[in-house]
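The sequence and structure come first.

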Amino acid sequence: MIDFPPGCNARVGSIVAGRFRVQETIRAGRVFSVHTAFDLLRREPVRLWTFAPALRQEHPWQAVRFRELAEQRYRVRHQLFLNVVLVGEEDDSLFFVEETPGGECLQAAIHRRREAHEPFSITEAVVMARLLCQALSHLHGSSAVHGFLNPEEVVLEAWVRGPVAFYPRVSGMGLRDRLRDLGMGCDVLSEEAASYAPPEFAGPLALRKESDVHGIGAILYTLLTLRPPTGCFVRPSRLRPDAPAELDEILLKAMEEDPEDRFRSTEDLLGALEGVEFQGFDADNIRKAEEQLLAPWPEGIRSPEQGKGALEDQAGQLARAIQLLAEPAPAAPRPRSRLRSFLRSVPMLSRFVLILLALALLLLASRDVGWPPWKKRSAAENTRKWDQLFRTERGTRPAADDSRSETP
């Protein structure tokens, strides 16, 4: 066993890589620590995994293997994983950033149900096992295995409009296999969570697909019985009458001690679970809900529920666009006259001043014409008016009236 100094690898309040502010330490181990953090760049919460500097300084080859594992997790993405969104190093210490879980871990849910004496329903247990089979089948397709599936590294997310209230998201793929090489395969795990290790985990055999089959069977057994998968195995049908006998046989085969006697793959286990029938289980409805949950989501979406919201928003935008195209185009506004536009641009006080100036000009003009316009001059008055104007312009005085200049 390799000796590592105990304690956290990042202090609360510190900033990793100039971007992630550590908020709280969830788990502190000898090799790695898990923290809740806040991404200052993208302004969102994340989960931060930091590895001890001694891993790089004293065991560089193991540090390379952990980095390869983190990069593999970054490439292998799935809706039922807590996906890695960034891998990096700072001060010779490896770190990677994982999506933030939206719900509680499965182990906490099991403890809560155990205290309330409320076991999971048969539908909840079977749907959980089916989804775990599909998640790990995707992982096996990339030539990787989880190796040590346990309820402390499975998170329950709310399943809106789903056949059950939650769906699983898996974390820690391949981590326990790397820690096993260091002699610390159960580091930071509780004693109950450590009991989910497959029998071959303690030996020299490599972890294979059958190891993940054992993990799914162990979790299904606990969901049905609320008991850890240790000690004497009790058939679920003996503890609860609603459990079908077919589940007993499936669990016995999935949890065989010899890996060769188990289901050969998670696909085989999923096929066996699909053949189970019991009261209240609508297989077609469950299958459709699973297909919708596992459908690919647009770029930038990190969870199925976010993907549903994004698709609904896109559908709403498309419907509004179609409605706008169907509506007649609005009539073009009538062009305003220049005078009206000028008057609208002038303030009210300025309008009043302009009106006064216009009235004054009209009064001045009315002195040269008869005013009011309905008052008419006689022909003799008009002749004398124009004659007076003519003589004034010639510089002569107007002549006296002919009647006054004649001598008697």
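## Thr225

Thr225 counts as buried because its relative accessibility is 11%; buried means under 20% relative accessible area, exposed over 50% and partly exposed in between, with a 1.4 Å probe and protein chains only. Thr225 sits in helix α7, residues 209-225. Helices (H or I, at least four residues) and strands (E, at least two) are DSSP runs, numbered from the N terminus.

A polar atom of the Thr225 side chain lies 2.7 Å from the backbone oxygen of Tyr221. Leaving aside residues up to four places away in sequence, Thr225 touches Pro236 and Leu239, where contact means heavy atoms within 4.5 Å.

## Basis of the model

The model is predicted: local features need pLDDT of at least 70 and side-chain atom pairs count only at pLDDT 80 or more, while totals for chains, interfaces and linings use all residues. Residues are numbered from 1 along each chain as its sequence is written, and side-chain values use heavy atoms, with hydrogens and water left out.

The chain has a mean pLDDT of 82, and 76% of its residues reach 70 or more; pLDDT is the predictor's confidence in each residue, from 0 to 100.

## Largest cavity

The structure holds 2 cavities of 30 Å³ or more. A cavity is a set of points, on a 1 Å grid over the protein atoms alone, where a 1.4 Å probe fits but cannot get out; lining residues have an atom within 4 Å of a point. Grid points are joined across faces, edges and corners, and a volume is the space filled by probe spheres set on the points.

The largest cavity has a volume of about 60 Å³. Its lining consists of Trp49, Phe51, Phe66, Leu69, Ala70, Arg73, Phe96, Gly172, Met173 and Leu175. Two or more of these residues come from each of β4 (44-51) and α2 (60-75), and α2 gives the largest share, 4 residues. By class, the lining has 8 nonpolar, 1 polar and 1 charged; Ala, Val, Leu, Ile, Met, Phe, Trp, Tyr, Cys and Pro count as nonpolar, Asp, Glu, Lys and Arg as charged, and the others, Gly among them, as polar.

## Second largest cavity

The second largest cavity has a volume of about 50 Å³. Phe51, Ala52, Leu55, Arg56, Ala63, Asp92, Ser93 and Leu94 form its lining, to which α1 (53-58) and β6 (93-98) each supply at least two residues. This lining divides into 5 nonpolar, 1 polar and 2 charged residues.

Note on methods. 1 Å grid on protein atoms, 1.4 Å probe; cavity = no way out; pocket = protein on both sides within 12 Å on 5 of 7 lines; lining within 4 Å. Polar contact = N/O pair within 3.5 Å; in protein donor to acceptor, adjacent residues only side chain to side chain.
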